[in-house]
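The sequence and model are shown first.

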Amino acid sequence: MSAYEMLHTFRTRASCLSFDILKDRLGARSGYPVTAYLVAGTQAQQGKKNSLIVLKASNLNPPKPTEDEENSDEEEDEEEGGDKEVLKTAEIYHAGAVNRVRICPHVTDTRTFVASWSEKGKVHIWDIAPQLTALETEQESKDVVKIKPFYTFGGHVEEGYGMDWSPTRQGYLLTGDCTRHIHLWTPRESDWLVSQQTFSAHGSSVEDLQVCKVYFVIVIKPLSVHSRCPL
């Protein structure tokens with residue numbers, strides 16, 4: 001017996017270290033098939049081949065009972081058109097491999113922000129609303145588009161992996177690097193104010209962090225967990 005209620009496999013043009021799930025606006029629903037929206041970041045062997053991949057996976061169904069798998073080839077051919085899962089993608093060029101990607105939980109009618117940690121030591125904010133709109137069209141483009149990030153912060157000393165949005169305060173973001181420094185991002189009207197006074201008392205590389213309602217949790221190297229209250 002499988003532990004999965006549903007299992008589908010899709011391939012991207014390069015391996016992805018990080019992905020996040022986008023909360024859609026399809027409303028409350030139950031049953032199958034289902035649709036899922038995701039954003040993934042690649043780690044291609046050639047740095048110039050990296051991208052953010054915005055994905056829409058639709059027509060996702062649970063596996064068929066064993067007895068159905070023994071149907072004739074003719075029956076499978078007849079059902080193929082209706083039962084086949086569909087993957088559509090829209091890719092954005094990303095300078096360097098993507099260490100971490102996180103979708104802002106506060107989506108507006110016109111903006112859908114995604115933060116990405118680059119191996120080049122920069123954190124980018126992207127507005128993927130145009131890519132999401134493109135996924136709803138009938139014609140899919142396989143091209144990797146080059147667009148300017150909505151905002152870029154290059155003040156980290158080194159690359160990093162820790163990054164999370166506040167679930168309660170719209171647009172607030174924390175990013176932590178491999179030299180232990182954690183920056184707090186405060187949203188402004190058209191960009192972010194990134195604090196130059198960092199959280200660093202934990203004293204080691206930030207491997208991951210999670211923002212809760214009024215505090216955040218840090219996982220550092222060697223393995224240790226700390227909590228702080230910045231928000």
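## Exposure of R13 and its partner E91

In this predicted model, R13 has a relative accessible area of 54% and is therefore exposed, the cut-off being over 50%. Its salt-bridge partner is E91, with an N to O distance of 3.0 Å between the two side chains. The two residues belong to distant parts of the chain, 78 residues apart: R13 lies in the segment before strand 1 (16–22), whereas E91 belongs to strand 4 (residues 86–93).

E91 has a relative accessible area of 8%. Because buried means under 20%, E91 falls in that class.

## The R100–D208 pair

A salt bridge also forms between the side chains of R100 and D208, at 3.1 Å from N to O. R100 is part of strand 5 (residues 98–103) and D208 is part of strand 14 (residues 206–211), so this contact ties together parts of the chain that are 108 residues apart in sequence.

R100 counts as buried, at 13% relative accessibility. D208, at 30%, counts as partly exposed.

## R188, D191 and the total

R188 and D191 form a salt bridge in which the closest N and O atoms are 2.9 Å apart. R188 is partly exposed, its relative accessible area being 46%.

The count of salt bridges in the model comes to six. Among them are R13 with E91, R100 with D208, and R188 with D191.

Notes: Residues numbered from 1 in each chain as written. Predicted model: local features only at pLDDT ≥ 70, side-chain atom pairs only at ≥ 80, totals over all residues. Heavy atoms only, no water. Salt bridge = Lys/Arg side-chain N within 4 Å of Asp/Glu carboxyl O. Helix = DSSP H or I, 4+ residues; strand = E, 2+ residues; numbered from the N terminus. Buried < 20%, exposed > 50% of the residue type's maximum accessible area, 1.4 Å probe, protein only.
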